[in-house]
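Thanks, everyone. I have one structure to walk through today. Have a look at it, and then I'll start.

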Amino acid sequence: MLTLSILSAQPSAPPLPTSSPPIPKPNPNPNHSISLLPSVTCALQCQHFQSCSGCTQELNLHRPIILAEVTEFFNRLGVSDFTFDSCRLWEWRCRAKLAVRGSSSSPLIGLYQENSHNVVDIPHCKAHHPSINAAVELLKQGITDLKVEPYDEDKGTGELRYVQMAVTTNNTSLPASQRYRNGKVQVTLVWNSRNENSPSSAKLNALGNFLWRNGGPRNNVHLIHSVWANFQTSTNNIIFGNRWRHLLGELDFWEHVGGIDVALAPSSFGQANTRAFDSLLHKLQKYVPNGKAVADLYAGAGVIGLSLAATRKCRSVKCIEINKEAKLSFEKTVGRLPKSINSTISWHHADTSIEPLSWLVGSDVVVVDPPRKGLDPSLLDALRTISLAEKRAMSTERSFSKVKNEKRPWILRAKEASVQIESKTSPEEGQSLPKTLIYISCGWESFKEDCKSLLSRKEWHLDKARGFNLFPGTQRHRGFGCVQKGPRSRSEEKEVRKEEEEALVRNFGVIDVALELNNDQRD
């Protein structure tokens, strides 16, 4: 039997962030309950809230509406100590993809209005890092001065379709306390052409030069880190095309998270909330024992796996990712790892849904960080039946020979590491199956279904869970869980049953509060 443990604890009122809108003066009315004060001090207070689709919760940012449901879910599964880290509530977003519409004389840069393709201009977004808002204002000025035509979806005409703003706060020349506030912006201009040889390329270069001239290092405020171009002519809703070009500024974009320096290309997936993700990584590291072999599935540029290699002295780390664009970022990040690391590290360009068991073999710990849709069905099934696979392996002399002596060429190509760094001691990869699973979730509904499926065969049990407020003002939040091999002890089972009985009383109270909060917001 295997045990599923997901990290967690009862939500406590977190401290207010250091960066926040001005706190209103106390209401002089003595009949006004002081318990309402956090609703005001932890309010979004954004002028774009009613029209912008980005945020859906205006009050109590530190306690999302969905938190009651999450707490109840884990209580019912025997986890009464779920914790929720509130994280930074304003100016948290360090990565934003924004649509560019309107006209050259009056450009609109923002998000689509809900259920439409009408762009809402959001120059004073409270979620954006201040440097993003400043860079958007500078870009608008450039569009107007150079008469750059924003994209027209109906006609398929115009020049600038979208812009991606990514903030790096990894400026070691500044004191640590000043680095976040003084973040620099990597600007990617999504241009409506096939490549840099189009007739409008002169205007693209002029816009890039405008941003660099007015926001680069020679200005009083060094705002722009670099300028990139992406070329896209498709009429669908996909933001980026396949062709990228570096125009100006620094080529490499670095951020420090999870104890390591991480390189991110503009084409790579990056976390929007850098500080909260850093907090998640540091908490996650505590649940991986030193010296273990780790498989990082849905790895992207390998940030999670490499942070574990650096902080937990892993025997080996293999990262599996379907997006080939992440390879270069992985290689650059590996180049900055401490020389003292003695670990076999590899990155594989492969689909984890194909022969998923082959990626689990030889690992003590598996980390999964799937997209919002959750785990691929084949991987979920492999995890659900992993003890059966282990029993079959123990009862046969071949002991995983089917995996070890694989001959199908498409599987062999995937198994060959695109990037491989050997350990100094070169330990042999074992044939055991993982005893620990850490599930990092960014989709609550899919996580619930995956969790129920893993628990359904009684091969796993839920131990702990932890949530992180990576998207304040929305109902999107991330959490992670840790799975360990072995059944609960009888004393643990008795304790779980006792906690479940107590939780029934507590949960009714939580549900009532949540319903009252929803009704108040509708009014």
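Start at Lys318. Lys318 sits in strand β13, residues 316-321. This is a predicted model, so keep that in mind throughout. Is Lys318 buried or exposed? Lys318 is buried, because its relative accessible area is 9% and the cut-off for buried is under 20%. Now look across to Thr344. Thr344 and Lys318 are 26 residues apart along the chain. Their C-alpha atoms are separated by 8.0 Å.

Next, a glycine. Gly258 is in the loop that links β10, 254-257, and β11, 260-263. Its relative accessible area is 0%, so Gly258 counts as buried. What does Gly258 touch, leaving out residues up to four places away in sequence? The list is Asp278, Leu281, His282, Gln285, Ser307 and Thr311. Take Ser307 from that list. In sequence, Ser307 and Gly258 are 49 residues apart. In space, C-alpha to C-alpha, the figure is 5.5 Å.

Let's zoom out. The protein chain has 523 residues, and 52% of them count as buried. Its secondary structure comes to 15 helices and 19 strands. As for surface, the chain exposes about 24,900 Å². Carbon and sulfur atoms supply 51% of that area.

Now the cores. In soluble globular proteins, nonpolar side chains tend to be buried together. Here, the largest nonpolar core has 77 residues. Which members touch the most other members? They are Leu139, Leu160, Val163, Met165 and Leu189. Helix α3, residues 130-146, gives the most to this core, with six residues. Pick out Met165. Beyond its neighbours within four places in sequence, Met165 contacts residues including Cys94, Ile132, Val136, Leu139 and Val187. A separate core holds 36 residues, among them Val79, Leu375, Leu383 and Phe447.

Last item, a helix pair. Two packed helices are described by the angle between their axes and the distance between the axes. Take α2, residues 67-76, and α14, residues 444-456. Their axes come within 12 Å and cross at roughly 5 degrees. That makes the two helices, α2 and α14, roughly parallel. From α2, the residues in contact are Glu69, Val70, Phe73 and Phe74. They meet Trp444, Glu445, Phe447, Lys448, Cys451 and Lys452 in α14. By class, that contact has six nonpolar, four charged and no polar residues. Over to you for questions.

Methods
Residues numbered from 1 in each chain as written. Predicted model: local features only at pLDDT ≥ 70, side-chain atom pairs only at ≥ 80, totals over all residues. Heavy atoms only, no water. Core = buried A, V, L, I, M, F, W, Y, C linked by side-chain atoms within 4.5 Å. Buried < 20%, exposed > 50% of the residue type's maximum accessible area, 1.4 Å probe, protein only. Helix = DSSP H or I, 4+ residues; strand = E, 2+ residues; numbered from the N terminus. Contact = heavy atoms within 4.5 Å. Areas by Shrake-Rupley, 256 points an atom, 1.4 Å probe, with all protein chains shown as cover. Axes fitted to C-alpha atoms, helices over the stretch in contact; angles between N-to-C directions. Parallel < 35°, antiparallel > 145°, perpendicular 65-115°, else oblique. Nonpolar A, V, L, I, M, F, W, Y, C, P; charged D, E, K, R; others polar.
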